[in-house]
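Here are some notes to read alongside the model, for someone opening it for the first time.

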Amino acid sequence: MRSGATRRTPPLRFVAAPSAVRFACALVGALAGAVGATVARAQGADADRRPTVAVLYFTNAAMVARESYAPLAKGLAEMVITELSGNPGVRVVERDRVQALFEEQDLAAGGRVDPATAAKAGKVLGARHLLFGTFVVDPRENLRLDVRAINTETSALEYATSVTGKADKLLELVTALGAKVNDGLKLPAIPADAPKPPEIGAKGPNQLRSMMLLSRALEAQDRKDVAGATGLMREAVSANPENAR
């Protein structure tokens, strides 16, 4: 090097390690995915503004054969869900989500649920209206279904109703209950041109037996006993062929 010459410092160069590059790419991808998911949820919420209803399992208050009637706690909830689902203006939470909630919260199906717990459950399920009720069977096999509705936004009781009849007219009682709930909560009316769902055994025989078999099938399904659930479902239809749903 010549005396008095200026030494030039070579420009600094930053070379990212491959692991750093991968991390940066993954971070950007994760952020993009999170933003996309948030937008999708927002769009979904905007697209479906129908009132949402969830139905908890019924409380077993049978005066006789209490253990025998216990499966009805799930069966009645399923049938009320089915009945309300016939209204296209209403969004009804599926029973499997209710079952998942009961399992997560370690709640007993058929046990009593207080209004505060019901309101919290409704919020978890994303429902504005939360239904929970009680069924009573007396020694003469008379059946009463009591239902209350909680507004999960205010935790206030917004509606209560009941239906009474012979236990072997159970499916008819569920149909009547569904209609009363739809009117009482001021849910959208069913459009006149909406396709009518199949009858749920309005004049069929063995309604109680069919319902009990269905209820036991739901319990088997929740235990992941597919074969047992399938067999019980077939027996339920055989007992009451008109129970098309």
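1. A term to begin with: two strands are said to pair if DSSP finds at least two bridges between them. With that in hand, look at G133, whose bridge partner in β5 is V147. Please keep in mind throughout that this is a predicted model.

2. The overall plan comes next. The chain holds eight helices and six strands. Reading from the N terminus, its elements follow the order α-β-β-α-α-β-α-α-β-β-β-α-α-α. The chain has 245 residues, and 40% of them count as buried. Among contacts with a separation of 6 or more, 68% are between residues 24 or more positions apart.

3. β4 covers residues 129-137, and nine of its nine residues are buried. Which residues of β4 point one way, and which the other way? H129, L131, G133, F135 and V137 point one way, while L130, F132, T134 and V136 point the other way. In a regular strand, side chains alternate between the two faces of the sheet. In β4, the residues pointing either way are all buried.

4. Now for the neighbours of β4. Strand β1 (residues 52-55) runs parallel to β4 and is joined to it by three bridges. Within that pair, L131 of β4 has V55 opposite. Strand β2 (residues 59-60) is also parallel to β4, with two bridges between them. Here N60 stands opposite F135 of β4. With strand β5 (residues 142-151), β4 runs antiparallel, and nine bridges join the two. Besides the pair of G133 and V147, V136 has R144 as its bridge partner in β5.

5. Two hairpins deserve a look. Four residues lie between β4 and β5 in their hairpin, where E141 has a positive phi near 60°. Moving on, β5 and β6 pair in the antiparallel sense, over ten bridges.

6. S155 is worth a moment on its own. S155 sits in the loop between β5 and β6 (156-166), and its positive phi occurs in a residue other than glycine. Is S155 buried or partly exposed? Its relative accessibility is 40%, so S155 counts as partly exposed.

7. Turn to the helices α6 and α7. Helix α6 (residues 170-184) packs against helix α7 (residues 207-222) at an angle of about 75°, and their axes are 7 Å apart. Angles of 65 to 115 degrees count as roughly perpendicular, and α6 and α7 are therefore roughly perpendicular to each other. The contact involves L170, L171 and E172 from α6, together with Q207, L208 and M211 from α7. By class, four of the residues in this contact are nonpolar, one is polar and one is charged.

8. N206 lies in the loop between α6 and α7. Its phi is near 55°, again a positive value in a residue other than glycine. With a relative accessible area of 35%, N206 is partly exposed.

9. How does the length of α7 check out against 1.5 Å a residue? The 16 residues of α7 should span 22 Å, and its end C-alpha atoms are 23 Å apart, which agrees. α7 is mostly covered, with twelve of its 16 residues buried. Among the buried residues are L208, M211, M212, L213, L214 and L218, and Q207, S210 and D222 are buried too. The cover over the buried residues of α7 includes α2 (66-69), α3 (72-84), α4 (95-105), α6 and α8 (226-239). Just after α7 comes K224, with a positive phi of about 65°.

10. A last stop is T175, a residue of helix α6. How far is the C-alpha atom of T175 from that of E83? The two C-alpha atoms are separated by 6.6 Å, although T175 and E83 are 92 residues apart along the chain. T175 has a relative accessible area of 31%, so it is partly exposed.

Technical notes: Residues are numbered from 1 along each chain as its sequence is written. This is a predicted model: local features need pLDDT of at least 70, side-chain atom pairs count only at pLDDT 80 or more; totals for chains, interfaces and linings use all residues. Side-chain values use heavy atoms; hydrogens and water are left out. Axes are lines fitted to C-alpha atoms, for helices over the stretch in contact, and angles run from 0 to 180 degrees between N-to-C directions. Angles under 35 degrees count as roughly parallel, over 145 as roughly antiparallel, 65 to 115 as roughly perpendicular and the rest as oblique. Contact means heavy atoms within 4.5 Å. Ala, Val, Leu, Ile, Met, Phe, Trp, Tyr, Cys and Pro count as nonpolar, Asp, Glu, Lys and Arg as charged, and the others, Gly among them, as polar. Buried means under 20% relative accessible area, exposed over 50%, partly exposed in between (1.4 Å probe, protein chains only). The expected span of a helix is 1.5 Å times one less than its number of residues.
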